[in-house]
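Subject: Structure for your review

Dear colleague,

Please find below the structure that I am handing over to you.

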Amino acid sequence: MRAYVAHPDGKPRAALLVFQEAFGVNSHIRDVTERFAREGYLSISPELFHRTAPGLEAGYTNFGEVMPHLQALTDAGLTADIQASYQWLKNGAAKDLPVGATGYCMGGRTSIQAALTVPLDCAISYYGGGIAPSPMFPNLLDRLKDLNAPVLLFWGGLDAHIPADAVQAVTAKLTEEKKDYVNVVFSKADHGFFCDARASYNAVAAKEAWSLTLEFFKNHLTASSAC
């Protein structure tokens with residue numbers, strides 16, 4: 001499995017798993033990974049389609065190209081990829097550092113799965129389809145009882161792919177299980193609002209989500225009580 005890795009200047013403050021959208025570890029995901037590195041985080045974005053389409057970078061309107069690879073993903077395969085990426089961090093410069101995760105679209109679900117798979121300190125999901133029941137992925141609702149890391153969830157209020165009842169199913173389960181979470185819905189944003197390469201990009205929502213993301217990581221990814 002190939003992965004894109006971005007190193008900060010100097011000693012990392014913490015480490016991050018950055019999970020791709022359905023369109024590959026493309027220029028946008030690489031840019032986001034670099035942005036986290038500039039904030040001091042050693043960041044790794046693994047290629048989750050490495051079994052069926054290594055190196056895939058599809059256009060944002062080319063759903064036909066990515067669909068077979070989405071359908072080929074399994075939770076067992078994703079678990080192996082999460083564990084491999086986490087161990088790469090822990091066997092290297094992040095040996096003694098806290099580790100968080102974030103992801104976008106299918107990567108948003110993978111970020112939550114990562115928090116259920118390896119001992120993360122926190123996780124952030126951007127419009128993670130498949131956490132609630134969906135036609136694409138086995139949902140994670142029944143597994144949320146085992147969540148031990150704080151999570152931050154971002155959604156677009158105009159997102160037809162993840163309707164309000166799906167968001168409510170996730171938050172209701174987290175509340176029922178007394179989990180530590182923050183839920184943010186940008187009422188005027190659509191699916192993919194954070195990605196400046198997509199037609200659905202919403203600059204205001206993206207800027208606000210980025211600020212919240214950095215603050216969440218700052219609060220939860222601390223080593224020896226200091227970032």
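In the residue classes used here, Ala, Val, Leu, Ile, Met, Phe, Trp, Tyr, Cys and Pro count as nonpolar, Asp, Glu, Lys and Arg as charged, and the others, Gly among them, as polar. By these classes, the lining of the largest cavity divides into 6 nonpolar, 4 polar and 1 charged residues.

This is a predicted model, in which local features need pLDDT of at least 70, side-chain atom pairs count only at pLDDT 80 or more, and totals for chains, interfaces and linings use all residues. Residues are numbered from 1 along each chain as its sequence is written, and side-chain values use heavy atoms, with hydrogens and water left out.

On a 1 Å grid over the protein atoms alone, a cavity is a set of points where a 1.4 Å probe fits but cannot get out, whereas a pocket is an open set with protein on both sides within 12 Å along at least five of seven lines; lining residues have an atom within 4 Å of a point. Grid points are joined across faces, edges and corners, and a volume is the space filled by probe spheres set on the points.

The structure holds 1 cavity of 30 Å³ or more. The largest cavity contains about 40 Å³ of space, and its lining includes Gln20, Glu47, Phe49 and His50.

The largest pocket has a volume of about 510 Å³. Its lining comprises 28 residues, and Cys105, Gly129, Met136, His161 and His191 lie nearest its centre. By class, these lining residues divide into 19 nonpolar, 7 polar and 2 charged. Helices α2 (63-72) and α5 (164-176) each supply at least two residues of that lining; helices (H or I, at least four residues) and strands (E, at least two) are DSSP runs, numbered from the N terminus.

The sheet

An open sheet is formed by 7 strands in the order β1-β3-β2-β4-β5-β6-β7, with mixed pairing (two strands pair if DSSP finds at least two bridges between them). Its edge strands are β1 (3-6) and β7, each pairing on one side only.

Strands β5 (residues 122-126) and β6 run parallel and are joined by 4 bridges; Ser125 has Leu153 in β6 as its bridge partner. Strands β6 (residues 151-156) and β7 (residues 181-186) also pair in the parallel sense, over 6 bridges. Here Leu152 has Val182 in β7 as its bridge partner.

Yours sincerely
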